[in-house]
Amino acid sequence: MAYENIIYQVEEGVGTITFNRPKALNALNTALLEEFSQALDVVAADDDIRVLILTGAGDKAFVAGADISELATYNALTAKNFAQNGHAIFARLQALPIAVIAAVNGFALGGGTEIAIACDFIYASENAKFGQPEINLGLIPGFGGTQRLPRLIGANRAKELVFTGKMISAAEAEKIGLANKVVPPDQLMAEVMQTAREIASKGKVSLRAAKAAINHGLNTDLATGIHIEVEGFGMCYASSDAKEGTSAFLEKRKAAFKGNFAE
Ligand code: CO8
């Protein structure tokens, strides 16, 4: 499928979606979101993809937020529709049964920070900047910044970012647990690919069960979360990977995971 606002590539079981409007710092307009949504469907339907990476085209931005020239045209109803549509896409991103890594290579503002925190974790380049500047536009975050961000970094830190609209550096983002790792810009994709390949070598079923347990467990009480973990632990035995992983350990060899749900 031909895309104009994103680039979609697959290499060795790792898919990469690159937001590709560099002249507008990869701002999210309706057309880009639509293509992103379509690409997520392609990723979800491809059993061979084990990890998805999101990044931005050019050396300046990951995503500088929703496209402000579109935001300027909204009324209360169209704004609500836009936010709802974005949430539906981000929810599908978060629920993908594979690992998703944000490679944040510059500005990740507003919707940019919100896409990154809907991923499983973030690696950032030293020149990355994060923030929720919507308040400077007379708005509030509309793609999860008031919800995912406090869950990730705590209500106090999220409120400071949302109330002030200020940008923080990659180093600060790492310090507060927003980014897992910060590396020089020219090493970002290599670092992300290395982690992606490592994850891709693990069992598909166990990765899926682990992600579902963590994601669902975060939105529930401990007892329910533990129940989810127990179910997921049992489900791993529906795949040959559990046999392969435990046998490989006992036979002192590297496990070769090939399992899937169709066994
Ligand atoms: N939307 C549209 N165009 C943008 C955006 C954006 N978010 N960000 C940058 N651009 C454009 C600029 O207009 C400029 O275009 P042109 O060359 O045609 O004038 C080009 O990108 C380059 O930008 P700058 O010249 O401004 O580059 P600087 O290096 O001087 O500044 C900044 C970089 C600091 C990133 C600056 O561009 C900036 O502040 N951008 C806006 C950041 C922002 O406020 N983002 C939040 C938007 S709101 C949001 O994301 C809400 C999400 C939820 C919406 C759901 C509700 C319905």
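A residue counts as exposed when its relative accessible area is over 50%, as buried when that area is under 20%, and as partly exposed in between. Keep these cut-offs at hand for the tour of this predicted model.

**Stop 1: a pair in H7**

Select Lys175 and Glu172. Lys175 has a relative accessible area of 64%, so Lys175 is exposed. Glu172, at 30%, is partly exposed. The two form a salt bridge, with 3.5 Å between the closest N and O atoms. Both sit in helix H7 (residues 170-175), and because they are 3 residues apart, about one helical turn separates them.

**Stop 2: from H8 to S1**

Next select Arg197 and Glu11. Their closest N and O atoms are 3.8 Å apart, and the pair forms a salt bridge. Arg197 belongs to helix H8 (residues 188-200) and Glu11 to strand S1 (residues 6-11), so this bridge ties together parts that are 186 residues apart in sequence. Arg197 is partly exposed at 38%, and Glu11 is partly exposed at 44%.

**Stop 3: Arg253 and Glu244**

Move to Arg253 and Glu244, which form a salt bridge with the closest N and O atoms 2.8 Å apart. Arg253 has a relative accessibility of 36% and is partly exposed, whereas Glu244, at 18%, counts as buried. The model has 10 salt bridges in total.

**Stop 4: a buried arginine**

Side chains of opposite charge can pair when their charged atoms come close. Select Arg148, in helix H5 (residues 148-153).

**Stop 5: Asn105**

Select Asn105, in the loop between strand S5 (99-104) and S6. Its relative accessibility is 11%, so Asn105 counts as buried. Now display the backbone of Gly58. The backbone oxygen of Gly58 is 3.2 Å from a polar atom of the Asn105 side chain.

**Stop 6: the ligand**

Select the ligand and the residues around it. The shell consists of 25 residues, and the closest are Lys60, Ala64, Ala66, Ile68 and Gly111. By type, the shell divides into 16 nonpolar, 4 polar and 5 charged residues.

Colour the shell by secondary structure. Which elements each supply at least two residues of the shell? They are helix H2 (68-71), helix H3 (76-95), strand S6 (107-109) and helix H4 (111-118). H3 gives the most, with 3 residues.

Then look at the oxygen atoms of the ligand and the backbone around them. A backbone N or O atom of Ala66 is 2.7 Å from a ligand oxygen. For Gly111, a backbone N or O atom lies 2.8 Å from an oxygen atom of the ligand. A polar backbone atom of Lys23 is 3.3 Å from a ligand oxygen. Taken alone, the ligand exposes 1100 Å², of which the protein buries 63%.

Definitions and conventions
Residues are numbered from 1 along each chain as its sequence is written. This is a predicted model: local features need pLDDT of at least 70, side-chain atom pairs count only at pLDDT 80 or more; totals for chains, interfaces and linings use all residues. Side-chain values use heavy atoms; hydrogens and water are left out. A residue is near a molecule or strand if one of its heavy atoms lies within 4 Å of it. A polar contact is a pair of N or O atoms within 3.5 Å; within protein, one must be able to donate a hydrogen and the other to accept it, and residues adjacent in sequence count only if both atoms are side-chain atoms. Accessible areas come from the Shrake-Rupley method with a 1.4 Å probe; for residues, only the protein chains shown count as cover. Helices (H or I, at least four residues) and strands (E, at least two) are DSSP runs, numbered from the N terminus. Ala, Val, Leu, Ile, Met, Phe, Trp, Tyr, Cys and Pro count as nonpolar, Asp, Glu, Lys and Arg as charged, and the others, Gly among them, as polar. Buried means under 20% relative accessible area, exposed over 50%, partly exposed in between (1.4 Å probe, protein chains only). A salt bridge is a side-chain nitrogen of Lys or Arg within 4 Å of a carboxyl oxygen of Asp or Glu.
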